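Hi there,

Here is the structure I promised to send over.

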Amino acid sequence: MSQKYNPTTVPALTGIKGLCPRCQRGHLFQGLLKLAPKCEVCGLDFSFADPADGPAFFAMSIVAVPALAFALWLQFNYEPSLWVHLILTVPLTLVVSVVLLRPLKGWLVCSQYFHKAEQGSIDHEWHRLAAEQDKARTDENRN
């Protein structure tokens, strides 16, 4: 007997929580950032998921403006030495970026499942038919 699952309708929330997009009970991660091979509850194989550099891009984009604002505020108000920025601004930027990686990665993986994203492919048959139709139209216009 196959079990019924309630797939996520809100992939962002499910991903941020690090839950399986199909059953919303199993864990998406094995460790801090490594995806589990499959859900321990429903058995969904997570090999479909490939967030690539998306989480890092979003984390850096989200953190960059506040980090720069903090560094500028610190510099203009207190005029500290360079080492103060190295001790405060750089680690703060790195820590916040890493903290954001897990929820962003979960969100992107759950969104891939929700939207049934898959590897792109070329539909050779469609292109062949389209080329034939274009040729037929061109021939009609010549006559």
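Glutamine 24 is partly exposed, with a relative accessible area of 33% (buried means under 20% relative accessible area, exposed over 50%, partly exposed in between, with a 1.4 Å probe and protein chains only). Glutamine 24 sits in the loop between α1 and α2, and its phi is positive, about 60°, although it is not a glycine. Helices here are DSSP runs of H or I with at least four residues, numbered from the N terminus.

Before you read on: this is a predicted model, where local features need pLDDT of at least 70 and side-chain atom pairs count only at pLDDT 80 or more, while totals for chains, interfaces and linings use all residues. Residues are numbered from 1 along each chain as its sequence is written, and side-chain values use heavy atoms, with hydrogens and water left out.

Lysine 116 also has a positive phi, near 55°, and is a residue other than glycine. Its place is the loop between α3 and α4 (124-142), and at 68% relative accessibility lysine 116 counts as exposed.

Now to the inside. Cysteine 42 lies in the loop between α1 (11-17) and α2 and is buried, with a relative accessible area of 12%. Leaving aside neighbours within four places in sequence, cysteine 42 is in contact (heavy atoms within 4.5 Å) with Tyr5, Cys20, Arg22 and Cys23.

Not counting residues up to four places away in sequence, leucine 35 touches Leu28, Phe29, Gln30, Ala49, Lys105 and Val109.

Finally, the helix pair. The axes of α2 (residues 54-78) and α3 (residues 82-114) come within 8 Å and cross at roughly 155°, so the two are roughly antiparallel (over 145 degrees) to each other. By class, their contact has 19 nonpolar, six polar and one charged residues.

Best wishes

Notes: Axes are lines fitted to C-alpha atoms, for helices over the stretch in contact, and angles run from 0 to 180 degrees between N-to-C directions. Helices (H or I, at least four residues) and strands (E, at least two) are DSSP runs, numbered from the N terminus. Angles under 35 degrees count as roughly parallel, over 145 as roughly antiparallel, 65 to 115 as roughly perpendicular and the rest as oblique. Ala, Val, Leu, Ile, Met, Phe, Trp, Tyr, Cys and Pro count as nonpolar, Asp, Glu, Lys and Arg as charged, and the others, Gly among them, as polar.
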